[in-house]
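I opened this model to take some notes. I went through the fold, a helix and a few charged side chains.

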Amino acid sequence: AYLARVARPGPEEAVVVDDLVLVFDASGSIDRNRLFPQEKSVLEAFVSGMPPGRYRVALRVLGGSANAQTAPAPFHRGELARTVRGLKWTGEETPLAQILTESAETLAGGSGRVRLVIFSDGLPTRFGRYRGPEPALAPARLLAAEHGERLCFHTIQLGDDPRGPDLMDALAKLT
C-alpha cells in the first residue's frame, strides 16, 4: 500500500481546479493479480492525498460497468475513497476514446479548469487486441483544441509494456 498525506495549499496557494475526472483502467490489458492491485493502491493513495477544496470529481472506469462510473459531484474524500475501494477488475476492453468523447459532452459550455488524471497501462484494447494510441488520441486532440488552457491531461502509467508510453506521453503532451 502507498501512503499519502493530504496536500494542503500553503498561505499564498490555492487549489486551481473546478472539475477533476479520474480515469481508472480495470480492463483486460491490466494483469488481474499483479498490476490491478498495484494500480488500485496508487489510486487509493491519490484520493487520500487530494487537497480539500470546492471542486467536483467524477470517476470513470475503463472496462467498468455503468454502476462503477460516477457523475461529477462535489469532492467528498470519504465517499470517493469508498467507491475506489470497491473497484473490481473487469477484464473488458479499454474504451478510453469513448470516455474522452463523453468528457467532451460533460465539458461543453463550461468555463472552469478541468483536469483528467488517467491511471492506466497505456494499452488501449478491443476484443483483447492492442489498438494503438490513435483511437484515443483523436478525441483527446479535439478536447485539447476546444478547451485550451482550461483543460489538462495528467497520466500515471503503471506496468512495463514498452507500448504504454506511446499513448500516455502523447496525452500528457497535448495540454
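**Entry 1: Glu39**

I started with the contacts of Glu39, leaving out residues up to four places away in sequence: it touches Phe24, Asp25, Ile30, Phe119, Ser120 and Leu158. I note that the model is predicted. Glu39 sits in helix H1, residues 35-49. I then looked for a charge partner. Glu39 is buried yet has no salt bridge. The nearest side chain of opposite charge is Lys40, 10 Å away.

**Entry 2: Arg115**

Arg115 is in strand S4. Arg115 is buried and, again, has no salt bridge. Asp18 is the nearest side chain of opposite charge, at 7.5 Å. A pair counts as a salt bridge only if nitrogen and oxygen lie within 4 Å. I listed the contacts of Arg115, setting aside neighbours within four places in sequence. Among them are Val16, Val17, Asp19, Leu20 and Val21. Glu149, Arg150, Leu151, Cys152 and His154 are also in contact with Arg115.

**Entry 3: the overall fold**

I stepped back to the whole chain. The protein has 5 helices and 7 strands. Along the sequence I read the pattern β-α-β-β-α-α-β-β-β-α-β-α. I checked the radius of gyration next. For 175 residues, a compact globule would come out near 16 Å; the protein has 15 Å, which agrees. The C-alpha atoms fill a box of roughly 50 × 35 × 30 Å along the principal axes. Of the 175 residues, 41% count as buried. I also looked at contacts with a separation of 6 or more: 78% of them join residues 24 or more positions apart.

**Entry 4: helix H3**

I checked the length of H3, residues 96-107. At 1.5 Å a residue, its 12 residues should span 16 Å, and the end C-alpha atoms are 16 Å apart, which agrees. Which residues of H3 are buried? I found Leu96, Ile99, Leu100, Ser103 and Leu107. They cover an arc of only 95 degrees around the axis, so they lie on the same side of H3. The general rule is that an α-helix has 3.6 residues a turn, so residues three or four places apart point the same way. The buried residues of H3 pack against strands S1, S2, S4 and S7, and against helices H4 and H5. Just after H3, Gly109 takes a positive phi of about 80 degrees.

**Entry 5: Arg5**

I picked an exposed residue for contrast. Arg5 lies in the segment before S1. Its relative accessible area is 77%, so Arg5 counts as exposed. Arg5 touches Ser48 and Gly49, not counting residues up to four places away in sequence. From Arg5 to Ile99 I have 94 residues in sequence and 29 Å in space, C-alpha to C-alpha.

**Entry 6: salt bridges**

How many salt bridges are in the whole structure? The search finds 5. I noted three of these pairs.

- Arg126 and Glu93 meet at 3.9 Å, N to O. Arg126 lies in strand S5 and Glu93 in the loop between H2 and H3, so the pair ties together parts 33 residues apart in sequence. Arg126 is partly exposed at 39% relative accessibility, and Glu93 is partly exposed at 28%.
- Arg141 bridges to Glu134, with the closest N and O atoms 2.6 Å apart. Arg141 is partly exposed at 38%, as is Glu134 at 42%.
- Asp161 and Arg163 meet at 3.0 Å, N to O. Asp161 is partly exposed at 22%, and Arg163 is partly exposed at 35%.

Conventions
Residues are numbered from 1 along each chain as its sequence is written. This is a predicted model: local features need pLDDT of at least 70, side-chain atom pairs count only at pLDDT 80 or more; totals for chains, interfaces and linings use all residues. Side-chain values use heavy atoms; hydrogens and water are left out. Helices (H or I, at least four residues) and strands (E, at least two) are DSSP runs, numbered from the N terminus. The expected span of a helix is 1.5 Å times one less than its number of residues. Buried means under 20% relative accessible area, exposed over 50%, partly exposed in between (1.4 Å probe, protein chains only). The arc is that of the directions from the helix axis to the C-beta atoms. Contact means heavy atoms within 4.5 Å. Lys and Arg count as positive and Asp and Glu as negative; His and the chain ends are not counted. The radius of gyration is taken over C-alpha atoms; the globule rule is 2.2 Å times the number of residues to the power 0.38.
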